[in-house]
Amino acid sequence: MKYIFKLTCSLAIMAVIGLGSAFADGKFDNAIKARKALMSLYAWNLGQLGAMAKGDAEYNPEAAKTAADNILSLATLNLGSAWPQGSDSTALPGATRAKAEAWTTYPESANIHKSLVTAATTMADVAGSGLDQVRANIGAVGGACSACHKKFRETE
Ligand code: HEC
């Protein structure tokens, strides 16, 4: 009985996932994949700085500078092509968490992105000069990420 329940659950989950991609009909799959990859790379690099800031990892000037440079490089890539019109969570529920408001209120999201570039520039300038500098600037970088998520990303 338990087994059948589990099986039913897995089938239901698979149906939901399948439905998500059926809605997406494939057209925007790669664009969504690309922007999620960008976000994962942001998170990976910010995570390194975060671990140092929290004292979970030892401060290493080269590693801190590299992570900060990477965030700045990522933030200055021109990836507008990964955000095509119509690839929002209203049109494609389950396939993306990007809210339609990111497009309808444009350039609000672009302005938040600019604040990320500003914060990342400062971080890249100072991350190699001491843990205090990382700690002093990580709030501005992380704050730009979460400002955008709060407005333009569906909660999970
Ligand atoms: C201009 C807006 C904006 C900025 C700035 C931004 N994000 Fe995002 N982020 C989004 C949106 C929108 C999504 C949802 C993307 C989707 O599902 O298509 C997202 C998704 C994510 C995800 C989930 C990726 C996945 O695989 O589903 C992570 C992790 C993430 N962001 C981390 C970050 C970090 C770290 C930063 C800052 C260094 C950042 N983001 C900056 C808008 C932004």
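Tutor: In helix H5, the buried residues (under 20% relative accessible area, with a 1.4 Å probe and protein chains only) are Ser109, Ala110, Ile112, Leu116, Ala119, Ala120, Met123, Ala124 and Val126. This is a predicted model, in which local features need pLDDT of at least 70, side-chain atom pairs count only at pLDDT 80 or more, and totals for chains, interfaces and linings use all residues. Residues are numbered from 1 along each chain as its sequence is written, and side-chain values use heavy atoms, without hydrogens and water.

Helices here are DSSP runs of H or I with at least four residues, numbered from the N terminus. H5 covers residues 108-126, which is 19 residues. From first C-alpha to last it reaches 28 Å, close to the 27 Å expected at 1.5 Å a residue; the expected span is 1.5 Å times one less than the number of residues.

The buried residues of H5 pack against helices H2 (29-54), H3 (61-75), H4 (101-104) and H6 (131-152); contact means heavy atoms within 4.5 Å.

Met123 is also among the residues with the most contacts inside the largest nonpolar core, which has 23 residues. Such a core is a set of buried Ala, Val, Leu, Ile, Met, Phe, Trp, Tyr and Cys residues joined through side-chain atoms within 4.5 Å. H2, H3, H5 and H6 each supply at least two residues of this core, and H3 gives the most, with seven residues. Apart from it lies another core, of five residues, including Ile112 and Trp103.

Leu49 touches Met123, and its other contacts include Ile71 and Val134, leaving out residues up to four places away in sequence.

Key
Buried < 20%, exposed > 50% of the residue type's maximum accessible area, 1.4 Å probe, protein only.
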